[in-house]
Amino acid sequence: MRHSGRRPDQLRDVTLEPGVSVHAEGSCLVKFGRTHVLCTASLENTVPPFLKGTGKGWVTAEYGMLPRATGERMRPEAAQGKQSGRTQEIQRLIGRALRAVVHLSLLGERSIQIDCDVLQADGGTRTAAITGAFVAVHDALVWMQRQGMIAALPVRDFVAAVSVGLAGGTALLDLDYAEDSACDTDMNVVMTGAGRFVEVQGTAEGEPFARAQMDALLALAERGVRELIGQQKRALGL
């Protein structure tokens with residue numbers, strides 16, 4: 001048993017609450033245990049310059065943490081005049097994950113801007129953000145279809161993400177902060193409903209891991225993603 005009382009293969013308590021914003025076209029409040037992220041999806045009638053005239057749309061993301069999302073107050077990045085490398089890496093990951101499952105050619109020359117704001121952090125903020133962002137984007141696309149902006153829902157598949165890691169040789173699913181900061185290996189896995197990988201980020205913090213251990217971690221992540229996609233479907237009433 002883990003310090004939280006969870007089994008090694010058990011997710012934290014996960015909730016996905018769509019439609020929490022009265023202003024955004026799509027939104028979702030996602031909770032992975034004590035990690036809480038507000039995801040909104042906003043429609044913009046413009047695309048990046050490289051897509052102008054192509055008829056294709058775009059999906060992109062921004063990510064940020066509120067100053068008191070962690071144990072000590074952080075100075076807002078806006079006050080520092082620049083985003084950290086971590087922030088830029090995470091928001092690019094969120095954008096890639098959502099673009100992997102959206103038919104951009106069916107959007108027209110419009111963009112979906114995702115904003116993922118971490119209200120409270122206890123590990124796994126990027127995986128929670130991706131999982132919640134899909135619900136928010138799906139919400140926004142359904143809104144567009146109802147408004148007659150698009151003829152069909154341009155969703156290829158579901159996408160979700162989860163962390164896994166090795167601690168004392170044991171594979172763990174959905175690490176909280178205490179586990180993530182102490183484990184020997186940690187990995188973030190982004191997968192589609194069809195079981196295809198969008199991204200795998202894995203690092204040995206101590207002892208290098210073997211191929212068999214990596215395979216075990218990926219299998220555990222796939223199981224977790226399947227559970228999360230089931231929760232996404234329930235949240236969206238599908």
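Biologist: Is Arg 2 buried or exposed?

Modeller: Arg 2 is buried, at a relative accessible area of 9%. Buried means under 20% relative accessible area, exposed means over 50%, and partly exposed lies in between (1.4 Å probe, protein chains only). This is a predicted model, where local features need pLDDT of at least 70 and side-chain atom pairs count only at pLDDT 80 or more, while totals for chains, interfaces and linings use all residues. Residues are numbered from 1 along each chain as its sequence is written, and side-chain values use heavy atoms, without hydrogens and water.

Biologist: Which side chain meets Arg 2 in a salt bridge?

Modeller: A salt bridge is a side-chain nitrogen of Lys or Arg within 4 Å of a carboxyl oxygen of Asp or Glu. Here Glu 179 meets Arg 2, at 2.7 Å from N to O. The two sit 177 residues apart, with Glu 179 in helix α4 (residues 177–182) and Arg 2 in the segment before β1 (14–18). Helices (H or I, at least four residues) and strands (E, at least two) are DSSP runs, numbered from the N terminus. Glu 179 is also buried, at 9% relative accessibility. Arg 6 joins Arg 2 and Glu 179 in a network of salt bridges.

Biologist: How many salt bridges does the structure hold?

Modeller: Ten. One of them pairs Asp 122 with Arg 34, at 3.4 Å from N to O. Asp 122 lies in the loop between β5 (111–120) and α3, and Arg 34 in the loop between β2 (26–32) and β3 (35–44), 88 residues away. Asp 122 is buried at 12%, whereas Arg 34 is exposed at 57%. Another joins Glu 199 and Arg 96, with their closest N and O atoms 2.9 Å apart. Glu 199 is in strand β9 (residues 197–204) and Arg 96 in helix α2 (residues 85–99), so this pair ties together parts 103 residues apart in sequence. Arg 96 is partly exposed, at 34%.

Biologist: How many disulfides are there?

Modeller: A disulfide is a pair of cysteine sulfur atoms within 2.5 Å. The count is zero. For Cys 28, the nearest cysteine sulfur belongs to Cys 39, 5.9 Å away. For Cys 116, that nearest sulfur is again from Cys 39, at 3.8 Å. Cys 28 is buried at 0%, and Cys 116 is buried at 1%.

Biologist: How many residues of α3 are buried?

Modeller: 18 of its 22, so this helix is mostly covered. Helix α3 (residues 125–146) reaches 31 Å from its first C-alpha to its last, close to the expected 32 Å. The expected span is 1.5 Å times one less than the number of residues. Just after α3, Gly 148 takes a positive phi of about 80°.
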